[in-house]
Amino acid sequence: MLTEQLVASIGVPLKTPGTHIAKDAAIFINTFQPAGGAQGIFKKSAAPANCLAISESHIFAAQIDKAVVHVYSRERNNQEATVPFPERITSLLLACQDSVLVLGTNDGRLFAWEVASGRLVATKQAHLQAVTALTVDERSNFLLSASADSTIHVWSLPELLAFSSAEDTSPVRTFSTHRSKVVALAIGHGASSCNFAVSVAEDKTCLVWDYKSNGLLRTFLLPAVATCIALDPADRAFYLGYRDGSVQQIDLYRSANGSFDAVQNGSGATNPIQPKASSCWKLQDASLGGILSMVLSFDGTTLITGHESGALLSWDTNRGSYLSDLPQSPLPGPVTNVVLLPVTGFVNQDGEQSARTRVSEITKPKFGAHTTDEGYGVPGNYSLNVQLSTKLSAPDTSNDFYNALTGPSFPTSILDQGLSELASWGQNATGTTASTNGGSAEHGEDFMRVQTTSLQSVYQLSEEKKVLLRREQARSAAQNGSVSSGED
């Protein structure tokens, strides 16, 4: 059965939690599909928006008005570490198969922390103001950082993580079409050269653009300032959340006149499009407050929104309507982050995950701990603290060799085969060619042939060595004789 888990975090609590919620609970893990109960609770955290990242083994949560990141262990279900940073963190995400935590600061810098080695690299002043959002492409090649200074930088993540000085790294390109603070950012799920990003700014504009060429693809005029964004898993549409609690769905394949037209093939990119009023889904209960976070389900049919009041709501994306409150809400504070974990339960999932490494304990970051004098190459003190999976590949239980390695003794089939081969070799030594084991005689002949050839080679080398030794002795005797005659 496929299972999808929902993780929600709150900011500063607004009220005393009810009896159904533990005291100081701040990060909640619940089963979303199929409907189920709580799977884990983590305490003592107040994470702002865009400041929650989750790996298979850990949860990283930056703290409001503090220059620290709380690290929680999902295996032990407790707080593992409190990691201080020189600047307050305003956004973070995991990249490179959850091995690198990228952080944006209030002063406009970027940090990249390798959680398995403790290596920490930092850029120079990346933005003039705070980093408001971060996103990375599917293959962790490009990192996008949005800022309150209205710009979005596109970085080469491999270059940023190189062992040369990260302070010398510059953005690959800068998207500067926005005219005010960028508040939300999303990137397409495609891994091809035709990919795009969607960004929202406080000037009530939403821009769709190609982050590999900085080309503008679409311009949307919004009815209000959006607070968050979620992109459809198939890149067909995106969803915006607003302060009045409403949701807006914008189709990327339908133009203003109703005809179907892909974003990449569209025309009139600079011509603003005002979405129809019917694309906005309203809530009847205004007391739920504005939307602070949102996420789409794996199949894209359900949208989950987190509200200022602590409510978690689900929406039907096909019908464009509100479904219901999630059972675990309301939470004791504003829902600043909602994340859906990767779906588990696929038939071949165990085999795919077995080849991955696992970070059981994070290594705290250290500035300048892994550097070289030349500025390039891997330093001698660089090491990784990871666990290899117990299964390096999907086991083939029908393989006798695998059973011999994992079983308490050799399988009977291997023992019988070995005994048959030994018997056939003995028969060939006495001149018998018949075999009752289908081909064992042929294997015996090959073995005897190889053995005979090897013995002949060894004998020949031994004879050659004896000849060379006799020649050397004769030469030495002749030299000694000539020397004695000269002395007489």
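Two strands are taken to pair here if DSSP finds at least two bridges between them, and strands themselves are DSSP runs of E with at least two residues, while helices are runs of H or I with at least four, both numbered from the N terminus. With that in hand, 5 strands form an open sheet in the order S8-S9-S10-S11-S30, and the pairing is mixed. The edge strands are S8 (89-95) and S30 (366-367), each of which pairs on one side only. At the S30 end, strand S11 (residues 119-122) runs parallel to S30 and is joined to it by 2 bridges, and leucine 120 has phenylalanine 367 in S30 as its bridge partner.

Before I go on, a word on what we are looking at. This is a predicted model, in which local features need pLDDT of at least 70 and side-chain atom pairs count only at pLDDT 80 or more, whereas totals for chains, interfaces and linings use all residues. Residues are numbered from 1 along each chain as its sequence is written, and side-chain values use heavy atoms, with hydrogens and water left out.

As for the whole protein, there are 5 helices and 31 strands. Of its 488 residues, 45% count as buried, where buried means under 20% relative accessible area, exposed means over 50%, and partly exposed lies in between, with a 1.4 Å probe and protein chains only. Among contacts (heavy atoms within 4.5 Å) between residues at least 6 apart in sequence, 51% join residues at least 24 apart.

Strand S2 (residues 25-33) has 8 of its 9 residues buried, so it is largely enclosed by the rest of the structure. On one hand, S2 is joined by 6 bridges to strand S1 (residues 4-10), and the two run antiparallel, with valine 7 bridged to isoleucine 29 in S2. On the other hand, 5 bridges join S2 to strand S3 (residues 38-43), again antiparallel, and here isoleucine 27 has phenylalanine 42 in S3 as its bridge partner.

What about salt bridges? A search of the whole structure finds 9 of them, a salt bridge being a side-chain nitrogen of Lys or Arg within 4 Å of a carboxyl oxygen of Asp or Glu. Side chains of opposite charge can pair when their charged atoms come close. One of these bridges joins lysine 282 to aspartate 244, with the closest N and O atoms 3.5 Å apart. That pair links distant parts of the chain, since lysine 282 is in the loop between strands S23 (280-281) and S24 (291-296) and aspartate 244 is in the loop between S21 (237-242) and S22 (247-251), 38 residues apart. Lysine 282 is exposed, at a relative accessible area of 54%, while aspartate 244 is partly exposed, at 48%.

Another salt bridge is formed by arginine 475 and glutamate 472, whose closest N and O atoms are 2.8 Å apart. These two residues are 3 residues apart in helix H5 (residues 440-487), and so are separated by about one helical turn. Arginine 475 is partly exposed, with a relative accessible area of 44%, and glutamate 472 is also partly exposed, at 43%.
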